[in-house]
Amino acid sequence: MSEQNASARRTAIVTGGGSGIGRAIVHRLAEDGFATAVLDLDAGAAERVAGEARDKGHEASAFGGVDVSDRAAVEGAVRRVRDTLGAATVLVNNAGLTGFKKFLHITDEVWDRIMAVNLNGPFYCTQAVVPDMVEAGWGRIVNISSSSAQSGQQFMTHYVASKAGLVGFTKALALELGPDGITVNTIPPGFVDTPMLRASEEKGLLGGTVGQHADRTPVRRPGRPEDIAAACGFLVSEDAGYITGQVIGVNGGRNT
Ligand code: NAP
């Protein structure tokens with residue numbers, strides 16, 4: 001825990017905090033002294049993860065049933081976070097939806113839903129918390145994009161376009177918010193062993209098993225949610241105040 005975090009308790013919102021990478025980020029930030037708001041569409045999962053953090057003696061609350069693609073729901077949740085845990089000055093835009101479809105089979109509905117969750121979601125969440133960060137003169141925003149935005153990925157044009165959009169969102173916003181003491185960075189994870197990845201493996205959508213992909217990864221293992229959480233923990237720390245607008249790949253060397 002950084003010195004400043006120890007002296008001034010801060011509140012962090014983690015979207016999609018009920019599962020996989022988001023869950024690991026919740027635990028990491030809770031251990032680092034943040035009061036954590038677990039925001040997720042899945043109310044049971046949000047409750048479970050907040051409960052796990054509280055069992056370890058940390059301050060955490062669940063904000064379940066919140067769809068990040070619904071601006072009103074997001075604004076309501078951010079208000080409730082402010083009332084229960086205090087104004088958030090850390091936001092991790094992690095909630096995301098994956099999708100595999102041949103390009104010509106992507107319907108308007110499928111395209112719109114991916115964009116709504118992966119791009120509009122961070123837009124709504126960020127607009128809801130930035131005023132509190134500006135007020136505090138300090139803030140940290142971390143957007144979880146995808147290594148597929150760096151490399152491309154067949155049958156995922158909609159998903160990759162949304163995640164590449166999040167990289168641009170990060171770079172532009174970093175320039176605008178830097179003078180307010182707010183940093184904005186993105187972590188594009190690559191091949192992290194989560195329920196999302198295993199669901200894709202089960203459907204035969206990975207072009208091989210997780211183990212086969214691990215064998216082709218320079219560090220010879222799949223990513224762990226904790227790998228992403230560690231990078232995120234650093235980016236939201238006091239020590240990372242001079243890092244903004246950056247794409248910090250955490251992918252075992254799959255993309256450089
Ligand atoms: P995950 O295990 O599926 O967790 C995602 C969580 O987000 C779930 O709890 C999910 O709830 C929630 N969520 C989905 N849509 C939501 C919405 N509209 N509003 C609020 N919450 C929502 O996925 P993960 O693998 O940890 O992925 C986390 C992030 O990393 C995603 O943005 C993903 O695109 C990105 N990523 C992951 C990998 C990887 O290898 N795993 C690679 C690159 C990028 P439900 O279960 O109810 O849907």
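Let's start at Val66, which is buried, with a relative accessible area of 4%; buried means under 20% relative accessible area, exposed over 50%, and partly exposed in between, using a 1.4 Å probe and protein chains only. Before going on, please keep in mind that this is a predicted model, in which local features need pLDDT of at least 70 and side-chain atom pairs count only at pLDDT 80 or more, while totals for chains, interfaces and linings use all residues. Residues are numbered from 1 along each chain as its sequence is written, and side-chain values use heavy atoms, with hydrogens and water left out.

Where does Val66 lie? Its place is the loop between strand E3 (60-64) and helix H4 (71-84); here helices (H or I, at least four residues) and strands (E, at least two) are DSSP runs, numbered from the N terminus. Leu39 is 27 residues from Val66 in sequence, yet their C-alpha atoms are 6.6 Å apart in space.

Val66 also leads us to the ligand. A polar backbone atom of Val66 is 3.4 Å from a nitrogen atom of the ligand, a polar contact being a pair of N or O atoms within 3.5 Å; within protein, one must be able to donate a hydrogen and the other to accept it, and residues adjacent in sequence count only if both atoms are side-chain atoms. In the side chain of Asp67, an N or O atom is 2.9 Å from a nitrogen atom of the ligand. Ser19 brings a polar side-chain atom to 2.7 Å from an oxygen atom of the ligand. Taken alone, the ligand exposes 880 Å², and the protein buries 87% of that; these accessible areas come from the Shrake-Rupley method with a 1.4 Å probe, and for residues only the protein chains shown count as cover.

Now look at the wider shell. There are 27 residues around the ligand, and Asp40, Asn94, Tyr159, Val192 and Thr194 come nearest; a residue is near a molecule or strand if one of its heavy atoms lies within 4 Å of it. Helix H8 gives the most to this shell, with 3 residues.

Finally, turn to the cysteines. The count comes to 0 disulfides, a disulfide being a pair of cysteine sulfur atoms within 2.5 Å.
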